[in-house]
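Open your viewer and get the selection tool ready. We will go from stop to stop, picking something and looking at what surrounds it.

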Amino acid sequence: MKDQPAPHDIDGNPVSSGPPMAMLAEITHRCPLACPYCSNPVELTRAQAELPAEDWVRVFREAADLGVLQVHISGGEPGARRDLAQIVAGAKDARLYVNLITSGIGISRTRLIELDRAGVDHVQLSLQGIRPDMADRISGHPGSWDKKMAFADWVTEIGFPLTINAVVHRQNMDRLPDMIDLAEELGARRIEVATVQFHGWADLNRAALMPTREQAAIARQVVNAARIRLRGRMVIDYVPADHHAIYPKACMGGWGSTGLNVAPDGSVLPCHAAPSIPWMRFDNVRNRSLSDIWHLSDAFNAFRGTEWMAEPCRSCERKNVDFGGCRCQAMALAGEARATDPVCSKSPLHAQVVARAEEDAATDRDDFIYRRMKKGG
Ligand code: SF4
Ligand code: FES
């Protein structure tokens, strides 16, 4: 066997990489919803360019060999693929724990039973609001609420463990207590409350979505109180509003450390927004093994470890806590992916970022630029 070059970071420094724990399989970008904060890239992959099911089956085997334990099958809306059950069965055959992340729209009860048989272990359902008018307006899909409520009933009837996924922003954050109650009523064991991340499409809707500092502070208190009240019954994962925070989030738990994303066309990404870094090139599972990509590719090694960091991160006591924050947010706000995430209070751009966030939050804009795939997608 040929000797493999040692993993190195962008400056040529050697780095070590353990196995990833989880893989996000974005099997399509097609989606019936049009959420104004969609986290998929601005340029969506067309249906014709999607990886066929047999390739996904091979990728799941490679992922399991690499050490991946769980796969999150997502999109877009994974139900948009007719061969979803075949894809799920491939993940199950590879002995991965299979989490289906869905809008609940376009998957009938019969199909959900079929997906249960194929090997789905867990379902994660997105909710955009706590009432029909709110949910339908934010998702840009009339009738979405009724479909989601019916879907949630089927999930519990069939016996899947359920997680509710709630993206929060200025227009629904005040209803967070009701959202947590709703998740409990639906029988969820977990709720993921994630404040909108402002890169990609969401950035176009900043003025309509940016929460106020006060809303962010109240949301934190609501989550803390609910965690105590629901201990042992429902877990609450929370991604706070980092534009109003002192330190950034540890995005992806550190670049290239615990997870990888495979995009609909087979590109392998260190995080879902990595294509927003213009100079970064991504390998594809069609022509390189997942193991090689994880351990050796330039994209995965670009920001692994801490050697790539500049000041103030380089000498910061938190560099192994938040890993310098989010590279994509640094790209979006500082125009430089290697920069300290500007939401960090130690970043020279912090004051500017906060001022802009306050300005956006103070507007009374509530109109959205919806995310829709062009016809023929
Ligand atoms: Fe994190 Fe860097 Fe800020 Fe320190 S300076 S808290 S490592 S982002
Ligand atoms: Fe890319 Fe945070 S979304 S590193």
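## First stop: the cysteines

Start by selecting Cys31, which you will find in the loop between strand S1 (22-26) and helix H1 (53-66); helices (H or I, at least four residues) and strands (E, at least two) are DSSP runs, numbered from the N terminus. Before going on, note that this is a predicted model, where local features need pLDDT of at least 70, side-chain atom pairs count only at pLDDT 80 or more, and totals for chains, interfaces and linings use all residues. Residues are numbered from 1 along each chain as its sequence is written, while chains are lettered from A and ligands numbered from 1 in the order in which they are written.

Is Cys31 buried or exposed? Cys31 counts as buried because it has 25 C-beta neighbours inside 10 Å (buried takes 20 or more other C-beta atoms within 10 Å of a residue's own, exposed 12 or fewer, partly exposed in between, with C-beta atoms placed from the backbone). Leaving out residues up to four places away in sequence, show its contacts: Gly75, Gly76, Glu77, Ala80 and Ser103. A contact here is a pair of C-beta atoms, placed from the backbone, within 7 Å.

Now move to Cys35, also placed in the loop between S1 and H1. Cys35 is buried too, because 23 C-beta neighbours lie inside 10 Å. Beyond four places in sequence, Cys35 is in contact with Gln128, Ile138, Ser139, Gly140 and Arg371. An unreviewed UniProt entry gives the feature "binding site" at Cys31, Cys35 and Cys38; such annotations may be inferred rather than shown by experiment, feature names are shortened, and positions follow the numbering used here.

## Second stop: a buried strand residue

Select Ile191 in strand S6 (residues 190-195). Ile191 counts as buried because it has 26 C-beta neighbours inside 10 Å.

Bring up ligand 1 and the 14 residues around it, of which Cys313, Cys316, Arg318, Cys344 and Lys346 come nearest (a residue is near if its C-beta atom, placed from the backbone, lies within 6 Å).

## Before you leave

How far does the predictor trust the chain? Its mean pLDDT (confidence in each residue, from 0 to 100) is 93, and 95% of residues reach 70 or more. The model scores ipTM 0.93 and pTM 0.92.

Technical notes. pLDDT is the predictor's confidence in each residue, from 0 to 100. Two residues are in contact if their C-beta atoms, placed from the backbone, lie within 7 Å.
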